[in-house]
Each structure stands twice: as structure tokens, then as C-alpha cells.
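Please open the structure in your viewer and keep the selection tool at hand. Each stop on this tour says what to select next and then describes what is there.

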Amino acid sequence: MTSDLLLAAIVLLGSTVQWVTGMGFALVAVPGLVLLLGAGDGVTLANCSAGAISMVGLAGGWRQVRPRAMVPLCVAAACTVPAGVWLTRQLPEPALLLVMGGLVTCAVLLVMRGARVPMLRGVRGAVAAGAVGGFMNSAAGVGGPPVSLYAVNAGWTVREFVPNAQFYGVLVNAFSVAANGTPRLGTAQWVSAVAAMTAGALIGRALAGRVPEPRARLLVLLLALAGGATTLTKGLWGL
């Protein structure tokens, strides 16, 4: 019962911030899901949940998707997803937690800095961001930060970024679920996760117009940074 409540709380928080800011489910939820369920099931549940949320969010904004940018991003991600899956199956649990915590922490710090990288522009930048994002998504459940960095370097506004990020989220998470499989959860855990996602959508939509966007994004990144650091610490402790 306690673990089901914790699972619901993690998914609820991730879903809420995703609906408030248009990003952040995986960044916020993955560290907690990995610590609660283990690396394999934590990542695959994050892939399933983030993909479902992106699909619902995309329903109202698919006309704003930019195919010229998103096609190379998604094709590159599809090519590197198997490499991320292979890595997770080779590493022992402590080393995998170390890798996941490190990836999340580094990704958050780069996004917080709004790093300007000349190579993350044009088609070459889309391919690079997609390749790194696909690998990170299948290995650690966090594939959004490279796309965020690409958007920063491409000069996209938040309004332009959100539907394209959701389109990418649908496809890259579908690739990851196809490669990793679905999480091995009990019926009660699935019910908790789905109920939490639904509640998070309702709460997030209610808060979306009331919370200033910069403050909400900063909160997402700080929560993700704390989760990444905790996962990193547990990995180091287990070595």
C-alpha cells in the first residue's frame, strides 16, 4: 500500500508539472520511479507515462509541428534507442543508477544554463539532438533535454517548442517502449499510475494559467536536479 501511494505521488507530481509547463514529467518522475521500482521498470513506466501525456497534449497542437526539424530528430532518435537499451542490460544496478543520475544532473544543468552550441543548429543540430535524446530516453527515461537545447539554439519560442516537444515525446517514447518493453507492474500499481496521471492532468490544467511560466520551469528543473543528485548518490553508495 505504501509503495502504491508513493508511486501515485511521483506520477501525480510529474504529470502536474508536465501540464503546467509543457515539459518535465520524466525529469521530475524518473529519479523517484527508478529508486522505487528499480532501473528497468522505473524507466519503462516513465516512457509509457510520458508518451501517453505527450499524445494527449499533441491532440490540440499537431498543426504547429515542424516536420523539417522533427523528422531528422526522430529518425536519429530511433537509431540510437537500441544503444541505450543495450547499455542498461549490460550494467549492474549501482552503475546504472550512477549513469542515470549523472545524465539527469548534467542535462538539467545544461538546460538551466541555456547552453549555446553552434553544432545544435540546422539539420546537423537536429540529428545530434535526436541521437543523444534517443539514447538518453531508452537508457534513463529522460530524452527531452537535448531537444530543449536544440530549441534554444534554434531560437524557438515556448509556444513553438511545446507541440514539437510533444510530437517528439510521442515517437521517442514509442520507440523506447518497443525496445524496452512495458513495466512489470501489478494491477494496483497500474491503477495508481493511471489515476495519478489523470489527476495530474486536471490539477495541471487548473494551475497552468495561474503559475508564472519562468517560476514553474525553475521549479521543475530544481526538482529534477534534486532527484538526479539523489539517484547519483545511491549509485555511488551501492558500488
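Predicted model: local features only at pLDDT ≥ 70, side-chain atom pairs only at ≥ 80, totals over all residues.

Residues are numbered from 1 along each chain as its sequence is written, and side-chain values use heavy atoms, with hydrogens and water left out.

**Stop one: helix α2**

Select residues 25–37, which make up helix α2; helices here are DSSP runs (H or I, at least four residues), numbered from the N terminus. Ten of the 13 residues of α2 are buried, where buried means under 20% relative accessible area, exposed means over 50%, and partly exposed lies in between (1.4 Å probe, protein chains only). Among the buried ones are Phe25, Leu27, Pro31 and Leu37. If you then step past the end of α2, you reach Gly38, whose phi is positive, near 100°.

**Stop two: the nonpolar cores**

Next, select Val11, Leu27, Leu33, Val34 and Met100, the residues with the most contacts inside the largest nonpolar core, which has 38 residues. A nonpolar core is a set of buried Ala, Val, Leu, Ile, Met, Phe, Trp, Tyr and Cys residues joined through side-chain atoms within 4.5 Å. The largest share of this core, nine residues, comes from α2. A second, separate core has 19 residues, including Cys74 and Phe161.

Now centre the view on Val34, which, apart from its neighbours within four places in sequence, is in contact (heavy atoms within 4.5 Å) with Ala39, Gly42, Val43, Leu97 and Met100.

**Stop three: a charged pair**

Select Asp41 and Arg184, which form a salt bridge with their closest N and O atoms 3.5 Å apart; the term stands for a side-chain nitrogen of Lys or Arg within 4 Å of a carboxyl oxygen of Asp or Glu. The structure holds one salt bridge. Asp41 is in helix α3 and Arg184 is in the loop between α8 and α9, 143 residues apart. Is Asp41 buried or exposed? Asp41 counts as buried, because its relative accessibility is 13%, whereas Arg184, at 69%, is exposed.

**Stop four: Asn137**

Select Asn137, which lies in helix α6 (residues 122–140) and is buried, with a relative accessible area of 3%. Not counting residues up to four places away in sequence, Asn137 touches several others, including Val43, Asn47, Gly143 and Ser176.

**Stop five: the cavity and the pocket**

Finally, select Gln18, Met23, Gly24, Gly143 and Gly144, which lie nearest the centre of the largest cavity, a space lined by 26 residues. On a 1 Å grid over the protein atoms alone, a cavity is a set of points where a 1.4 Å probe fits but cannot get out, and a pocket is an open set with protein on both sides within 12 Å along at least five of seven lines; lining residues have an atom within 4 Å of a point. The largest cavity holds about 330 Å³ of space, and α8 gives the most to its lining, with seven residues.

For the largest pocket, select Val111, Ser148, Val152, Val158 and Arg217, which lie nearest its centre among 13 lining residues. About 320 Å³ of space lies in this pocket; a volume is the space filled by probe spheres set on the points, with grid points joined across faces, edges and corners. The largest share of the pocket lining, three residues, comes from α7.

Definitions and conventions: Helix = DSSP H or I, 4+ residues; strand = E, 2+ residues; numbered from the N terminus.
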